[in-house]
Amino acid sequence: FGLSAFEAENTKIRTRDYYDSNTARGVWLGGTLPYGYKYEESEDDNVKLIVQVPDEIEKVKEIFKLYKRGYGFKHTASLMESMLPKDVEGKGKWVAATIKSIVTNPFYAGYTTSQRTVHGSGNSVRDRSDWILGLCKKIPAAISADEWESCMEIYEKKKNGESGSVSCPGKAGFTTEKSIISYKIEGKDIVINCYYVNNSEE
């Protein structure tokens with residue numbers, strides 16, 4: 001039993017090392033694709049292409065825009081569900097966990113990763129110092145690396161208890177004055193009440 005367990009552990013380590021080394025080189029090793037992507041057959045029967053699902057990718061881009069404005073996972077999910085439902089047939093809804101899985105996934109910026117999430121812990125994200133990350137040419141990016149990085153910085157600040165307030169344009173400094181801002185998603189008006197806060201330390 002001792003030798004069997006030892007060999008099993010060695011196999012696990014070799015598999016992890018193989019996966020990590022290939023990930024660092026930007027090699028996509030297959031697996032389930034995130035929301036917004038699907039596999040498509042290519043002329044080479046042995047190779048499947050990763051392609052975007054246009055309507056889903058547009059929703060992904062809107063999620064990053066909302067999060068960058070300062071809205072949390074739950075609020076973003078609520079806005080998306082009211083304006084851009086995840087599934088028009090009602091088979092799935094936007095929830096905070098799904099928004100988090102999108103915002104914290106560099107796949108959308110064209111990167112493949114390993115050691116990003118805690119195995120067996122649902123949607124728990126490891127510290128980025130633990131990640132193995134590589135730019136993958138096979139992944140058609142939905143957003144730029146800079147855009148993704150901006151959102152991750154917001155996420156990490158919120159995670160560390162720093163300010164994560166909504167960014168309301170047109171006002172600087174601290175005030176308790178309430179303001180109404182509005183913008184459009186696919187031509188539809190969204191109106192949001194917010195308070196200006198001092199974001200100078202963010």
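In this predicted model, Y108 is buried, with a relative accessible area of 1%. F64 likewise counts as buried, because its relative accessibility is 3%, and the cut-off for burial is a value under 20%.

Eight aromatic pairs are counted in the structure. One of them joins Y37 and F107: the ring centres are 4.9 Å apart and the planes meet at 75 degrees, so the arrangement is edge-to-face. This pair connects distant parts of the chain, since Y37 belongs to strand β1 (residues 37–41), whereas F107 is found in the loop between α4 (96–103) and β3 (111–114), and 70 residues separate the two. Both Y37 and F107 are buried.

A further pair is formed by F64 and Y108. Their ring centres lie 6.0 Å apart with the planes at 65 degrees, and the pair is therefore edge-to-face, as angles over 60 degrees are assigned to that class. F64 is part of helix α2 (residues 54–69) and Y108 is in the loop between α4 and β3, so their contact ties together parts of the chain that are 44 residues apart in sequence.

The residues of these two pairs are also members of one group: Y37, F64, F107 and Y108, together with W28, form one aromatic cluster.

An aromatic ring also takes part in a contact with a charged side chain. K86 lies over the face of W94, at 5.8 Å from the ring centre.

Definitions and conventions
Residues numbered from 1 in each chain as written. Predicted model: local features only at pLDDT ≥ 70, side-chain atom pairs only at ≥ 80, totals over all residues. Heavy atoms only, no water. Phe/Tyr/Trp six-rings, centres within 6.5 Å; stacked < 30°, edge-to-face > 60°. Helix = DSSP H or I, 4+ residues; strand = E, 2+ residues; numbered from the N terminus. Buried < 20%, exposed > 50% of the residue type's maximum accessible area, 1.4 Å probe, protein only. Lys NZ or Arg CZ within 6 Å of the ring centre and 35° of its normal.
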